[in-house]
Amino acid sequence: MPSLARVYLETYGCQMNIADSQTVTAILRRAGYTTTNNASEADIILLNTCAIREHAEERVLGRLSDLARLKHAHPNRKLGLLGCMAQHNRAALMNKAPWLDVVAGPDSYRRLPELLANADFDPAVDVRLDRTETYADVSPEHDNGVRAYVTVMRGCDKFCAFCVVPYVRGRERSIPAADILREVQQLAARGVKEIVLLGQTVNAYHDEQVGFGELLKMVAAVGGIERIRFTSPHPSDMTPDVVEAMAREPKVQPYLHLPLQSGSDRILTAMGRGYTTDEYLRLVERLRSAIPDLALSTDIIVGFHGEDEQDFAATLGLIRTVGYDSAFMFKYSLREHTRAFRLGDTVSEVEKSRRLAEVISMQEAISLERNRNWVGRDVMVLVEGRARRGEGMMAGKTPQFKTALVPAAPTIKLGDIVPAQVVSATGHSLVCTLP
Ligand code: SAM
Ligand code: SF4
């Protein structure tokens, strides 16, 4: 492949994948490649994929068939598949998309330039998991927003029965605190105002003596950074030091994504989540009494193996009791390699859809109610860009990670944190005026 070959990279899935794509871009640029936003003018087309649910894989397979046409038009053009899907089911993938030139799992990105160079005749495949790879020395190519995502740990050791993550991303490993701080300092120097620390179980972070609570305090000490968030914490790792850092350190924002999955103890045990509903509710109580105005969001799975009407009703009940500000809700998707795979499905697709619609409709009503409670109150909005809807408005986030719309004014720049008053609310945003 000539140097200055142009790479087009498309990303699917979670925030971790977006961050991984920034690492991939940095590795390829370092090796002399350039990037393009246009697939039809690229020499190399890469898809960074997600395997968390079957639907995510189907979308990528559909996209791969489209891209095969671009490859046939220019046979020298290389097509590569990266990330969790590459790791999850390589053999089936090569059957379904035999025109792929490169297949690389999440721990193989360092070798991508070599794989691309070797993919002239046979596909180049590397899906080895590496217990030590953290890419700590690679500075990702962040975009120019006011918020930047910084990976602090990779992989997961929890092995929840439904989840493919530990199999496709490998075991848990943390990035040394010194490397994280270096990256945060560089981002602050570029004008980034908000840092989101990332990891599949981000609060399981540990680097020798530094636990996650301590890491939050270290990041908060970096000048120029105004706000700190993190995702996704696991409820079992929400230790007192993390709660204390959230309560005491003003830069750590009063917002927490705390995945519940199910409100039934029977199902939580079958899922192997490691907490009971009672423990979860006590944690929520501790968090709310330590952190005023804390906003909570969650992940819910409906239709897991064995979930009956009573279990589902318990999930609805718990969602109502907690009163989440927002939630990501999913139908259970059977995933090969996971512990629950051999148990199969017991809830029909139609029934899963019914439960999903019910839980979404209930959560929408709760989100609206939670947002309406903000009407009349003052908020500080970190301004991020022009509002997608709403003429003459700018969009930003409140400390609770709620989208806030404020009137555009010549004095307001991106990255400013401005005082505003909430005048109305929908389930998705707060409309504000300026004082
Ligand atoms: N580590 C996080 C945690 O423990 O909650 C979540 C990471 S996972 C990428 C994001 C969410 O996807 C999970 O919280 C879960 O709700 C959902 N998920 C994972 N496996 C799933 C499956 N097989 N079917 C449906 N949803 C799934
Ligand atoms: Fe998956 Fe459970 Fe790990 Fe979250 S904690 S990534 S749900 S195995």
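Let me start with Glu-307, which touches Ile-267, Ile-301, Val-302, Phe-312, Thr-346, Val-347 and Arg-355, leaving out residues up to four places away in sequence. Contact here means heavy atoms within 4.5 Å.

This is a predicted model, in which local features need pLDDT of at least 70 and side-chain atom pairs count only at pLDDT 80 or more, while totals for chains, interfaces and linings use all residues. Residues are numbered from 1 along each chain as its sequence is written, chains are lettered from A and ligands numbered from 1 in the order in which they are written, and side-chain values use heavy atoms, without hydrogens and water.

Back to Glu-307. Its place is in the loop between strand S15 (295-302) and helix H12 (309-322). Helices (H or I, at least four residues) and strands (E, at least two) are DSSP runs, numbered from the N terminus. Is Glu-307 buried or exposed? Glu-307 counts as buried because its relative accessibility is 3%, and buried means under 20% relative accessible area, with a 1.4 Å probe and protein chains only. The side chain of Glu-307 reaches the backbone nitrogen of Gly-303 at 2.8 Å.

Next, the strands. S17 (residues 378-386) and S20 (residues 417-425) run antiparallel, joined by five bridges; two strands pair if DSSP finds at least two bridges between them. In this pairing, Asp-378 stands opposite Gln-421 of S20. S20 is also joined to S21 (residues 429-433), again antiparallel, by four bridges. There, Val-422 stands opposite Cys-432 in S21. The link from S20 to S21 is a hairpin of three residues.

Last, ligand 2. The residues surrounding ligand 2 include Cys-156, Lys-158, His-234 and Arg-273.

How values were computed
Near = heavy atom within 4 Å. Buried < 20%, exposed > 50% of the residue type's maximum accessible area, 1.4 Å probe, protein only. Polar contact = N/O pair within 3.5 Å; in protein donor to acceptor, adjacent residues only side chain to side chain.
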